[in-house]
Amino acid sequence: MTTIDQHNPFLLAMLCTVVDSIERELLLKKQNRRLHILNQVVIETTRNGIIITDRDGNITEFNKFAEILTGAKKQDVINKPIPNAKTNDFIKEVLQTGKEYEDMEFMLRPKMGQDERVCLFDAFPIRDENMQIMGAFAQFRDITERYHTQKQINYLAYHDDLTGLPNRRFFTGHIGELLRQGVNENRIFAVMFLDLDSFKKINDTLGHNNGDVLLKMVAERLKACCHASDQLVSRMGGDEFTILLEEIKDQTEAIQVAEEIIRAFEKPFAVDGYELYITASIGIAFYPQDGRDVEMLMKNADIALYQMKDDGKNNYNIFKSIPSGGGIERLTLENSIRKALQLEEFVLYYQPQIDSKTGEIIGTEALVRWNHPTLGLIPPAKFIPIAEETGLIVPLGKWVLKTACLQHQKWKEKGFTPMRVSVNLSSRQFSKHDLVETIKEILLETHIDPSYLELEITESMTMNVEVAIEILGKLKELGILICIDDFGTGYSNLSYLKQFAIDRLKIDQSFVRDIMTDSNDADIVATVIAMAHKLGIDVIAEGVETKDQLNFLRSQNCHEVQGFYYYPPIPAEQIEQLLMQTTTIKTNLQG
Ligand code: C2E
Ligand code: MG
Ligand code: MG
């Protein structure tokens, strides 16, 4: 038997090294085991489906949620490629190229006969210490309920109940989107307003039910005339329909469509055993000659319709602009905006935002007006679109932002309790590369506490999800708040709301206007509020004009409101008077 010479320093050192390395190995094993257990716990308790594969794409890990979502059993898939062909293709690409996937939306059907589930899917490679790909990690989240809620909200919000056609909101939103995308100058499109002649008589004599049946048939005939992908038929309400022809070379194309529609009405409609003959009148306006924004195009198509109704019916009429003596012409307006900025003719009004439970003012929205020396106070709808088109919105928006922040500071210095100020941001400002820098500068110059500044953006600005996440992330880093204005009127992807780090949704006034009369709108408002609460996002409703609307919103736990029921937008001095009154009331109550 060998004994160790305790006096031999060389042997002793060797022994220590061996003991050390055994201890280290044991520790490493213990740590690895702990890590493994931890991994298992995380993998098995997460509510995401998780699949891990080896270098060849064979499954090494398949958690419980993956079983639930795919309908496959772990023991049947382990050491085999992923059974779902689409997922397998993604994984192959991850393993071959190292590509990473994030938030890919796709459908999974757990078992034949079961409903499809909508999942968000991420996949990325697992690398060893030399950065060599040794496997792939995939996870998917079930977003089915959120997806269906979004689809339902979108459908209800954008379609007409009776005919299933897109409604006014969809139609105007679609044209707005077309204009925002920047239609090129050579392109023209036509907006048609169609109205049934003598529909009222039919409704009165045959009853509303038969009137409804007729409207549905009319919708079908219009769809048959305008079925191309660049043609859009909508119902405005009553017996009014609109048609958009997006891609036309010249006006004759629109005239041909109008003539086809008039011809389609030559055949009778069979309603309740009657053969009804009904005719239609159509007014047409063209972009850009008859209007450069949605309102103007719709208004002029409507004028064209009524110009013709005076001359007789069953025909179409093209809008003819009447040269106006007064008014503000576009070109002069553009130059004047530039000058008005220099001459400081713009002013900010502030509309109080109210706590719906206590009636207290909790913030204001800054809304710009143009105090024109001869024309008086011009509302933003008259000059913001032109300022946007010409890019003048950028300096104007900067002025608005700075003025609102300075005003906030002035109120603070006068001793009023600081409150949030919301400023509207135009899409042109949002896409400027120096937006974050500009805001940073204004924060520094005005010394406003950023947590009192809120920027109102619109849904359309978030269409490019990656860009929006990046910009909004940077804005949030500055400590300011973000609100989505006119919520519900754009095409938003609700599944991204959380990622955009939104603080507040502002429900558009078009929904609030009809909550007491249109059950669809009431449902939408209630659903949006509930969904926002679930996501931890605050909600404010704008355009609240009546006590009933307020009560409905209160009953749905909408804690913030803004609208004429309380106050219209008012100058800064009047806000001070309001704040002083409320302070006096409070002091009196306390004293
Ligand atoms: P918005 O941001 O949705 O502002 C709300 C508009 O609704 C305001 O019109 C306000 O006066 C109006 N309003 C408020 N309460 C009620 C109500 O109870 N009933 C009704 N019918 N209307 C109500 P305003 O001031 O004419 O502004 C119109 C739009 O112009 C704003 O819509 C915003 O998109 C734009 N705008 C205003 N100021 C600025 C600005 O400084 N920068 C930018 N980029 N846009 C601005
Ligand atoms: Mg706003
Ligand atoms: Mg709004």
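Contact here means heavy atoms within 4.5 Å. With that in hand, take the contacts in the protein chain between residues at least 6 apart in sequence: 63% of them join residues at least 24 apart. What you're looking at is a predicted model. Its protein chain has 20 helices and 22 strands, and buried residues make up 46% of the 591 residues. Here's a tour, one topic at a time.

**The cores**

- Let's start with the largest nonpolar core, which has 103 residues. Leu475, Leu505 and Leu553 are the ones that touch the most other members.
- Helix H18, covering residues 519–535, gives the most to this core, with eight residues.
- Where does this core lie? Domain 2 (153–318) and domain 3 (353–368 + 391–590) both give residues to it, so the core lies between the two.
- There's also a second, separate core, made of 37 residues, and among them are Leu165, Val257, Leu276 and Phe286.
- If you'd like some background, nonpolar side chains tend to be buried together in soluble globular proteins.
- Leaving aside neighbours within four places in sequence, its contacts include Cys483, Ile484, Phe487 and Leu497. Val528, Met531 and Ala532 are also in contact with Leu505, and so is the run Ile537, Asp538, Val539 and Ile540.

**The mixed sheet**

- One open sheet has five strands in the order E7-E8-E6-E11-E12, and its pairing is mixed.
- At the edges sit E7 and E12, each pairing on one side only.
- On average, neighbouring strands of this sheet are turned by 20° against each other, direction ignored.
- E6 and E11 run antiparallel and are joined by eight bridges, while E11 and E12 pair in the parallel sense over three bridges.
- Gly283 in turn stands opposite Asn317 in E12, and Ile284 stands opposite Ile318 in E12.
- In general, strands of a sheet pair through backbone hydrogen bonds, either parallel or antiparallel.

- How many residues of E11 are buried? Eight of the eight are, so E11 is largely enclosed by the rest of the structure.
- Ala280, Ile282, Ile284 and Phe286 point one way from E11. Ser281, Gly283, Ala285 and Tyr287 point the other way, and all of these residues on both sides are buried.

**Helix H9, packed on that sheet**

- Helix H9 takes in residues 251–264, 14 residues in total. From its first C-alpha to its last, H9 reaches 20 Å, close to the 20 Å expected at 1.5 Å a residue.
- H9 packs on the sheet and touches E6, E7, E8, E11 and E12. The direction of H9 makes about 165° with that of E11.
- Which residues of H9 are buried? They are Ala254, Ile255, Val257, Ala258, Ile261, Ile262 and Ala264.
- Those buried residues pack against helix H8 (208–225) as well as strands E6 (188–196), E7 (231–237), E8 (240–248), E11 (280–287) and E12 (316–318).
- One of them, Val257, also belongs to the second core.

**The antiparallel sheet**

- Another open sheet has five strands too, in the order E2-E1-E5-E4-E3, with antiparallel pairing.
- Its edge strands are E2 (59–62) and E3 (101–108), and each of these pairs on one side only.
- Neighbouring strands here are turned by 25° against each other on average, direction ignored.
- Strand E1 (residues 49–54) and strand E5 (residues 133–142) run antiparallel, with six bridges joining them. Ile51 stands opposite Ala138 in E5.
- Helix H5 (residues 144–158) packs on this sheet, touching E3, E4 (117–127) and E5. The direction of H5 makes about 130° with that of E4.

- Leu95 lies in helix H4, which covers residues 85–97.
- Is Leu95 buried or exposed? Leu95 has a relative accessible area of 5%, and buried means under 20%, so Leu95 is buried.
- Leu95 and Gly135 are 40 residues apart in sequence, yet their C-alpha atoms are 6.7 Å apart in space.
- Not counting residues up to four places away in sequence, Leu95 touches Thr53, Asp54, Arg55, Asp56 and Gly57, along with Ile133, Gly135 and Ala136.

Conventions:
Residues numbered from 1 in each chain as written. Chains lettered and ligands numbered in written order. Predicted model: local features only at pLDDT ≥ 70, side-chain atom pairs only at ≥ 80, totals over all residues. Heavy atoms only, no water. Core = buried A, V, L, I, M, F, W, Y, C linked by side-chain atoms within 4.5 Å. Buried < 20%, exposed > 50% of the residue type's maximum accessible area, 1.4 Å probe, protein only. Helix = DSSP H or I, 4+ residues; strand = E, 2+ residues; numbered from the N terminus. Domains from an automatic or database assignment. Expected span 1.5 Å × (residues − 1). Pairing = 2+ DSSP bridges. Axes fitted to C-alpha atoms, helices over the stretch in contact; angles between N-to-C directions.
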